[in-house]
Amino acid sequence: MTDWYYHLPGQGRVGPLGADDVREAYREGRVQRDTLAWHVGARDWLPLDRFSDSLSLDEIATPSPAYAAPAAVAGDALDRTSPYAPPRAELSETGDYHAAAGEVVYAGFWKRLAALMIDSLVVTVAYYVLLIVAVIAFSIGLSDALSGSPGSAGAAQLIGVVAVFAYPIVSALYYVSLESSATQATLGKMAVGIKVTDDAGRRMSRGRALGRWASHLLCYLTIYIGYFMAGFTDRKRGLHDMVAGTLVVDRWAYTAHPDRQRRGLGTVALVLLILGGLAVVAYAGILLAVAIPAYQEYVRRAVGGG
């Protein structure tokens, strides 16, 4: 018999149970489709809905909303330290956590913006390193061409073409490889504590990750409105997330420790946003410092010339 466990907010892990016991708990309303569950052989804790086929949940008539099921009944094995539980099944009951065990905390616009600041910096630095190398190689090739070395001019031109397309290539390799990896997150997302999943909470395939990266083009075509959609849409999804069927969630979502999810920005994201805001203000100040004297000089000349 396969041992099953499920987790109830405020109570802890319930189990081990048989599949019939889990179905009975679902029938009586003690667990719902979004209740986190695990069974022997499963890799991670997942919403009960993900086990719908193996438990035949669709065939079970659930109680009406007026039904008030008890929080626990005799026979439920409420156990936080079961020796039968998997190593990753231990769910902490303490700590400064901000979410109930059965819910998913989605990453909002500002936290995603903070992650993007780091990721853009990483990709930009990598691009300029390649660009400098390409320019040096191009210069060497051009020098050889001027000295009459055969084939050097063509090689230099090829390097120049590669340099033009280096940014999208670097960007694609960075986002696709990291977001489809075991971390499910780029360096920026790891820093602020979020990750990318498919719309069922699973790790993305390389193909889906590539599709998500390519769909960012739609956000550019909508003058970045596609990105702002993450601030007010269901499940905090941007246009590219909707197209690719992905979610950006707290790093502890869909894991054995859902209680560790945090709703707030967090220290790293807050510091990044403050620094970014100061940088924008400083840049605007520099532009004004240059533009205002230039405009005043223009007006003075116009008046003097008239």
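Predicted model: local features only at pLDDT ≥ 70, side-chain atom pairs only at ≥ 80, totals over all residues.
**Entry 1: the whole chain**

I started with the overall layout, and the secondary structure comes to eleven helices and six strands. I then looked up burial, and 37% of the 306 residues count as buried. The chain exposes about 17100 Å², and carbon and sulfur atoms supply 65% of that area. I also checked how far contacts reach along the sequence. Taking contacts between residues at least 6 apart, I found that 67% join residues at least 24 apart.

**Entry 2: the sheet**

Next I went to the strands. In what order do the strands of the four-stranded open sheet come? I read it as β2-β1-β3-β4, with antiparallel pairing. β2 (12-17) and β4 (46-47) stand at the edges with a single partner strand each, so one side of each has no neighbour in the sheet. A reminder from class: strands of a sheet pair through backbone hydrogen bonds, either parallel or antiparallel.

I zoomed in on one pair. Strand β1 (residues 4-8) and strand β3 (residues 36-39) run antiparallel and are joined by three bridges. I looked up Trp4 too, and its bridge partner in β3 is His39.

Then I picked a residue in β2, namely Pro16. Buried, exposed or partly exposed: which is Pro16? Pro16 counts as partly exposed because its relative accessibility is 27%, and buried would need under 20%. I also compared positions: Pro16 and Val40 are 24 residues apart in sequence, and their C-alpha atoms are 9.6 Å apart in space.

**Entry 3: Val122**

Moving on to helix α3 (residues 109-146), I clicked on Val122. Val122 has 28% relative accessibility, so I wrote it down as partly exposed. Which residues does Val122 touch, if I leave aside neighbours within four places in sequence? I noted Tyr174 and Leu187. I looked at Gly188 as well: it sits 66 residues from Val122 along the chain, yet the C-alpha atoms of the two are separated by 8.8 Å.

**Entry 4: a nonpolar patch**

I found a nonpolar patch of about 1000 Å², made by Leu217, Leu218, Tyr220, Leu221, Ile223, Tyr224, Phe228, Phe232 and Val243. Which helix gives the largest share of the patch? That's helix α8 (residues 216-221), with four residues.

Ile223 is placed in the loop between α8 and α9 (225-228). I put Ile223 down as exposed because its relative accessibility is 66%, and the cut-off for exposed is over 50%.

Notes:
Residues numbered from 1 in each chain as written. Heavy atoms only, no water. Helix = DSSP H or I, 4+ residues; strand = E, 2+ residues; numbered from the N terminus. Buried < 20%, exposed > 50% of the residue type's maximum accessible area, 1.4 Å probe, protein only. Contact = heavy atoms within 4.5 Å. Patch = residues over 30% accessible without salt bridge, like charges linked within 9 Å, V, L, I, M, F, W, Y side chains within 5 Å. Areas by Shrake-Rupley, 256 points an atom, 1.4 Å probe, with all protein chains shown as cover. Salt bridge = Lys/Arg side-chain N within 4 Å of Asp/Glu carboxyl O. Pairing = 2+ DSSP bridges.
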